[in-house]
Amino acid sequence: MFVKTDGEEFAFTTADGLRLVGMVHRSSTEASQAPLVLIHGHAGSAQDFDDHVKWLSSGRDVYTYWQRGHGMSDSPRNLASYSLQIFTDDLLGLLRSRDITTPDVIAHSMGGVVAQLALIQSSESFGRVIL
């Protein structure tokens, strides 16, 4: 069971047709900084960052999402639906689906690996990255 956090829920469809769910936490002031994407690790949750989102969303919009197989996102049974490359494709798909350009990123654990792979593939798509 997941407790709804403050923020606006959104969903997007991955290249292989899965529904991934996230939250956007809008800046309480005019967003003057790059958007921020927070990426959780294996067996983690978009809610891992709940204690920090209010502070982080000062002056920027903050996006969290449940990676495939986690939380409110689809969990395919086929193991071939899971790989670091697929998780990376999902992240890049999130950016495209929400028109997020050059976000800053904070990621940990497996989310950090996904962020690194995304940077290798599309470094121009990101601002600052904290792993």
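What sits over the ring of phenylalanine 10? The charged end of arginine 98 does, 4.4 Å from the ring's centre. To count as sitting over a ring, NZ of Lys or CZ of Arg must be within 6 Å of the ring centre and within 35 degrees of the ring normal.

Before we go on, this is a predicted model, where local features need pLDDT of at least 70 and side-chain atom pairs count only at pLDDT 80 or more, while totals for chains, interfaces and linings use all residues. Residues are numbered from 1 along each chain as its sequence is written, and side-chain values use heavy atoms, with hydrogens and water left out.

**Rings in pairs**

There are two aromatic pairs here. Rings of Phe, Tyr and Trp (its six-membered ring) pair if their centres lie within 6.5 Å; planes under 30 degrees apart are stacked, over 60 edge-to-face, and the rest tilted.

| Pair | Centre to centre | Angle between planes | Type |
|---|---|---|---|
| Phenylalanine 10 and tyrosine 63 | 6.1 Å | 70° | edge-to-face |
| Tyrosine 82 and phenylalanine 87 | 6.3 Å | 50° | tilted |

Phenylalanine 10 belongs to strand β1 (residues 8-13) and tyrosine 63 to strand β4 (residues 62-65), so this pair links distant parts of the chain, 53 residues apart. Helices (H or I, at least four residues) and strands (E, at least two) are DSSP runs, numbered from the N terminus. Both phenylalanine 10 and tyrosine 63 are buried. Buried means under 20% relative accessible area, exposed means over 50%, and partly exposed is in between (1.4 Å probe, protein chains only). In the other pair, tyrosine 82 is partly exposed at 27%, whereas phenylalanine 87 is buried at 6%.

**How the strands line up**

Strands β1 and β2 pair in the antiparallel sense over six bridges; a pair of strands needs at least two bridges found by DSSP. Phenylalanine 12 stands opposite leucine 20 in β2. The hairpin of β1 and β2 has five residues between the strands, and glycine 17 there takes a positive phi near 90°. β2 also pairs with β4, again antiparallel, over four bridges, with methionine 23 opposite threonine 64 in β4. Is β2 enclosed or open? Six of the seven residues of β2 (residues 19-25) are buried, so the strand is largely enclosed by the rest of the structure.

(The expected span is 1.5 Å times one less than the number of residues.) Its buried residues include Ile86, Phe87, Leu91 and Leu94. The buried residues of α2 pack against β1, β2, β3 (36-39), β4 and α3. Just after α2, aspartate 99 takes a positive phi of about 55°.

**A glutamine tucked inside**

Glutamine 67 lies in the loop between β4 and α2 (84-97), and at 1% relative accessibility it is buried. Its side chain reaches the backbone oxygen of histidine 40 at 2.7 Å. Leaving out residues up to four places away in sequence, glutamine 67 touches several residues, among them Ile39, Phe87 and Val114, where contact means heavy atoms within 4.5 Å.

**One more residue**

Valine 113 is found in helix α3 (residues 110-122) and is partly exposed at 34%. Valine 113 and threonine 88 are 25 residues apart in sequence, and their C-alpha atoms are 8.7 Å apart in space.

Methods: A polar contact is a pair of N or O atoms within 3.5 Å; within protein, one must be able to donate a hydrogen and the other to accept it, and residues adjacent in sequence count only if both atoms are side-chain atoms.
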